[in-house]
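This briefing is meant to be read with the model open alongside the text.

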Amino acid sequence: VGGPATGPAADRPSPETTAARAELVAEVTALVGSAREARWIVEDAESRGGDRGSFPEEVVVVARALATRRATGEPLQYVLGRWPFRELELAVDRRVLIPRPETEQLVELALAELTRIDAGSPGGTRLCVDLGTGSGAIALSLATEGARIAPQLEVWATDRSPEALRVARTNLSALTDSGAKPAKVHLELGRWFGALPASLAGAVDLVTSNPPYVSDEEFEALDASVREWEPPEALRAAPGADGTPGLADIEEIVTNAPEWLRANGALVLEFAPHQADAAASAARRAGLGDVSTPRDLAGRARFLVARRS
Ligand SMILES: C[S@@+](CC[C@H](N)C(=O)[O-])C[C@H]1O[C@@H](n2cnc3c(N)ncnc32)[C@H](O)[C@@H]1O
């Protein structure tokens with residue numbers, strides 16, 4: 001039964017545009033082997049090169065180029081150049097690890113610690129440190145979501161890779177430009193805690209990190225899309241002192257954390273499930289208390305939460 005149009009006719013694609021789009025999605029699906037990825041690629045090409053009322057050749061050219069990259073095994077996240085993480089849309093490329101869903105859970109645990117800490121002494125300045133920040137996924141989430149818990153929050157994000165810090169800076173600028181009003185974020189180059197000013201020693205409320213924790217042996221068994229595309233220095237770690245594969249960086253962070261945390265402060269780390277006992281033991285050896293190893297959504301111990309008494 002007819003009726004008035006629901007919007008300006010110019011906003012709706014013409015039948016020709018709809019048909020051209022469907023044809024392109026089918027072509028890209030054949031190239032990349034996934035209809036869902038093909039839709040994302042075509043949407044991305046449209047956002048780069050199209051205008052709503054028409055379907056210019058430029059969109060076809062861009063979509064084919066993106067699909068060709070994907071077809072060679074490049075991860076979809078790098079092909080699109082951005083990926084969602086909690087409330088953020090992060091720029092990602094080969095200079096940084098692709099943020100994983102488990103790490104979104106790490107942020108949840110860190111925010112719970114920040115809530116606990118802030119409740120213990122409300123209203124003060126809160127200092128968070130994210131070691132090995134990569135794209136800035138954890139640090140920028142804390143700066144955005146944590147600022148709602150503790151308005152006087154400052155976040156220090158560090159990485160050994162100058163390239164990764166450039167990506168983090170791009171993401172920080174985009175966040176600031178979006179009007180999100182994140183907490184103050186400092187980006188510092190250097191090795192773990194060594195990147196921080198000495199004045200922060202004993203003053204940090206919360207340390208987070210998703211450090212490299214993949215042993216050389218495990219690395220060789222990883223999917224080619226990870227092994228050949230993501231930065232190996234973001235993934236690989238030497239064995240721990242007790243021989244636990246991939247534990248060296250976790251151990252180093254855990255051992256040094258008490259020097260930087262203030263009383264009642266917390267350390268929240270991500271690790272591989274087989275490292276849970278060794279990571280918890282390292283935390284107890286370092287003098288941290290309330291040590292727990294929360295599980296990920298698949299039920300595997302994945303995180304270390306430990307506090308300085
Ligand atoms: C597993 S990635 C995590 C990236 C990001 N935090 C995330 O969760 O998506 C580890 C990061 O630690 C950095 N890194 C590795 N060794 C480091 C070290 N010794 N000191 C500081 N950063 C390091 C890498 O460059 C990489 O960005």
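A residue is called buried under 20% relative accessible area, exposed over 50%, and partly exposed in between, with a 1.4 Å probe and protein chains only as cover. By that scale asparagine 264, at a relative accessible area of 31%, is partly exposed. The model is a predicted one, in which local features need pLDDT of at least 70 and side-chain atom pairs count only at pLDDT 80 or more, while totals for chains, interfaces and linings use all residues. Residues are numbered from 1 along each chain as its sequence is written, and side-chain values use heavy atoms, with hydrogens and water left out.

**Overall chain**

- The protein chain has 309 residues, of which 48% count as buried.
- Its C-alpha trace spans about 70 × 45 × 40 Å along the principal axes.
- The chain holds eleven helices and nine strands, where helices (H or I, at least four residues) and strands (E, at least two) are DSSP runs numbered from the N terminus.

**Ligand site**

- The ligand is surrounded by 17 residues, the closest being Gly132, Asp159, Trp192, Asn210 and Ala234; a residue is counted here if one of its heavy atoms lies within 4 Å of the ligand.
- This shell divides into six nonpolar, seven polar and four charged residues, on a scheme in which Ala, Val, Leu, Ile, Met, Phe, Trp, Tyr, Cys and Pro count as nonpolar, Asp, Glu, Lys and Arg as charged, and the others, Gly among them, as polar.
- A ligand nitrogen atom lies 3.0 Å from a polar backbone atom of tryptophan 192, and a ligand nitrogen is likewise found 3.2 Å from a polar backbone atom of arginine 160 and 3.3 Å from one of threonine 133; the cut-off for a polar contact is a pair of N or O atoms within 3.5 Å.
- Of the 600 Å² of accessible area that the ligand has on its own, the protein covers 98%, with areas taken from the Shrake-Rupley method and a 1.4 Å probe.
- The ligand takes up the space of the largest pocket, a pocket being an open set of points on a 1 Å grid over the protein atoms alone, where a 1.4 Å probe fits and protein lies on both sides within 12 Å along at least five of seven lines; a molecule sits in a pocket if more than half of its atoms lie within 2 Å of its grid points.

- Asparagine 264, in strand S7 (residues 261–270), has a phi near 80 degrees, which is a positive value in a residue other than glycine.
- Aspartate 290, in strand S8 (residues 289–292), is not a glycine either, and has a positive phi of about 50 degrees. Aspartate 290 counts as exposed because its relative accessibility is 54%.

**Selected residues and C-alpha separations**

- Proline 258 belongs to helix H10 (residues 248–260) and is buried, at a relative accessible area of 18%.
- Leucine 196 sits in the loop between strand S5 (184–189) and strand S6 (204–209), and is buried because its relative accessible area is 8%. Its C-alpha atom is 9.7 Å from that of leucine 131, which is 65 residues apart in sequence.
- Proline 239 occupies the loop between helix H9 (224–227) and H10, and counts as exposed at 52% relative accessibility. Proline 239 and valine 129, 110 residues apart in sequence, are separated by 24 Å from C-alpha to C-alpha.
- Alanine 19 is part of helix H1 (residues 15–32) and is partly exposed, with a relative accessible area of 43%. Between alanine 19 and glycine 287 the C-alpha separation is 65 Å, and the two are 268 residues apart in sequence.

Methods. A polar contact is a pair of N or O atoms within 3.5 Å; within protein, one must be able to donate a hydrogen and the other to accept it, and residues adjacent in sequence count only if both atoms are side-chain atoms. On a 1 Å grid over the protein atoms alone, a cavity is a set of points where a 1.4 Å probe fits but cannot get out, and a pocket is an open set with protein on both sides within 12 Å along at least five of seven lines; lining residues have an atom within 4 Å of a point.
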